[in-house]
Amino acid sequence: MAGEFRLLQGPVFAMVSESTRADCVNRDYPANARVDILMSRFWSSLVHTLTPYVAGEQPALRDLVKLNTNENPYGPSPRALAAIAAETTEVLRLYPDPAVRSLREAIAKSHGLDANNVFVGNGSDEVLAHVFQALLKHDKPLLFPDITYSFFPTFCRLYGIDFREIPLDDVMAIRISDYRQECGAIILPNPNAPTGTALPLSEIEKLIADHPDQVVVIDEAYVDFGAQSAIPLVAHYPNLLVTQTFSKSRGLAGLRVGFAVGQPQLIEALNRVKDSFNSYPLDRLAIAGAVAAWEDKEWFEDKRDRVIATRERLSLALRDLQFQVVPSSANFLFARHATLVGAEIAGELRSRAILIRHFPKPRIHDYLRISIGTDEECEKLLSGLADVITSLKR
Ligand SMILES: *Cc1c(COP(=O)(O)O)cnc(C)c1O
């Protein structure tokens, strides 16, 4: 294999973007100071231009306090696990339902909508990929916040979409009036990531009403932890699409299920892309597990409430340790220490088997994103932090 790659260095390497270089380091390519990046003459020209998203690490170590990828510490509903087990039979011989009617109907029903208002995919990242390709590529640029889900610019490069980043205001919030400008479409998460701040539904509605001729996508990956969903607006606005996921509030990041809700014309665009790409993005286990998880409201509400309660306690405790904490409506906190460097805190915690997320990005490089774990995990984090702060201050 190695013979197929050419190793680039010197001036050619200098042409590669800063973030691509960071990716290569993160991706464990050979740690040779002079051989920084691998490329192949067999790659398409598109592949040379890509800057892949770098997910938070998933180390195979045990006894980690893993607060780096916003997973749910309580895991899926036991009813979801039972449904998955029940589907683990000879029936796996057969392809799943390509239209995933059972899940689309379950989601639609709880919002008083119809199955043709719902699109499902292999995680909301796949749903978003189809959204970018089907609905967000226009002559004018796509708008999204400068500090937001870093998959957005990645999708833009994959699909050749022109985009403009709109700066958050100085309290790290999205200001809707800043989006009053010519554009091809708009996408933003509510609550935003990695900041955790949420906009009230009235602001979201203003944004949608301001842009009747553009698609407005609201990525609600974290909405269950304290923001208002825009799904009730779907019936009134043909330009609104809302995406959600089973990965965070339903504890099923490993099952890969996400969905979008909108009027049928928008959903049909997604179906056209999906059926040109993969007829069966959700396997039988995912469909069975997701339907059961969706129906177990009691488990969902109980675990959500626990995460919110822990978040509020952790937020106060971090303030006691001299952190400035951005008000969060999500299952994570975004915080920076009054005096210490973010990357150093994250590195020191890591050496104590505590993982949190740090983004080496302008404006937020001193912030840490901390997923809400169990109370016990948050206690371990706090004592690790107290220890780290003492040693760094020395
Ligand atoms: C986690 C996340 C997603 C995607 O989650 P999936 O696991 O692919 O469903 C989408 N948007 C944001 C902002 C996220 O944080």
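This is a predicted model: local features need pLDDT of at least 70, side-chain atom pairs count only at pLDDT 80 or more; totals for chains, interfaces and linings use all residues.

Visitor: OK, which residues are around the ligand?

Guide: They are Gly 123, Ser 124, Asp 125, Tyr 149, Pro 189, Ala 193, Asp 219, Ala 221, Thr 245, Ser 247, Ala 253 and Gly 258.

Visitor: How does the shell divide by class?

Guide: Into five nonpolar, five polar and two charged residues. Ala, Val, Leu, Ile, Met, Phe, Trp, Tyr, Cys and Pro count as nonpolar, Asp, Glu, Lys and Arg as charged, and the others, Gly among them, as polar.

Visitor: Back to H6. At what angle do H6 and H9 pack?

Guide: At about 105°, with the axes of H6 and H9 (residues 264-274) 9 Å apart. That makes H6 roughly perpendicular to H9. Axes are lines fitted to C-alpha atoms, for helices over the stretch in contact, and angles run from 0 to 180 degrees between N-to-C directions. Angles under 35 degrees count as roughly parallel, over 145 as roughly antiparallel, 65 to 115 as roughly perpendicular and the rest as oblique.

Visitor: Which residues meet there?

Guide: His 130, Val 131, Gln 133, Ala 134 and Leu 135 of H6 meet Leu 266, Ala 269, Leu 270, Arg 272, Val 273 and Lys 274 of H9. Contact here means C-beta atoms, placed from the backbone, within 7 Å. By class, the contact of H6 with H9 has seven nonpolar, two polar and two charged residues.

Visitor: And H4 with H10, at what angle do they cross?

Guide: Roughly 150°, where the axes of H4 (residues 78-87) and H10 (residues 284-295) come within 8 Å. H4 and H10 are therefore roughly antiparallel. The contact is made by residues including Ala 80, Ala 83 and Ile 84 of H4 and Leu 285, Ala 288 and Val 291 of H10. Its classes are nine nonpolar, one polar and three charged.

Visitor: New topic: is Leu 368 buried or exposed?

Guide: Leu 368 is buried, because 26 other C-beta atoms lie within 10 Å. The cut-offs are 20 or more for buried, 12 or fewer for exposed, and partly exposed in between, counting other C-beta atoms, placed from the backbone, within 10 Å of the residue's own. Leu 368 is in strand S15, residues 367-371.

Visitor: What does Leu 368 touch?

Guide: Leaving out residues up to four places away in sequence, Leu 368 touches Ala 335, Arg 336, Gly 342, Ile 345, Ala 346, Ile 356 and His 358.

Visitor: Where are the cis peptide bonds?

Guide: One joins Asn 190 and Pro 191, with omega about -5°. Another joins Ala 193 and Pro 194, with omega about 0°. Pro 191 sits in the loop between strand S7 (185-189) and helix H8 (201-210), and Pro 194 is found in the loop between S7 and H8 too.

Visitor: What is phi of Val 100?

Guide: Near 45°, a positive value in a residue other than glycine. Val 100 counts as buried, with 24 C-beta neighbours inside 10 Å.

Notes
Residues are numbered from 1 along each chain as its sequence is written. A residue is near a molecule or strand if its C-beta atom, placed from the backbone, lies within 6 Å of it. Helices (H or I, at least four residues) and strands (E, at least two) are DSSP runs, numbered from the N terminus. Two residues are in contact if their C-beta atoms, placed from the backbone, lie within 7 Å.
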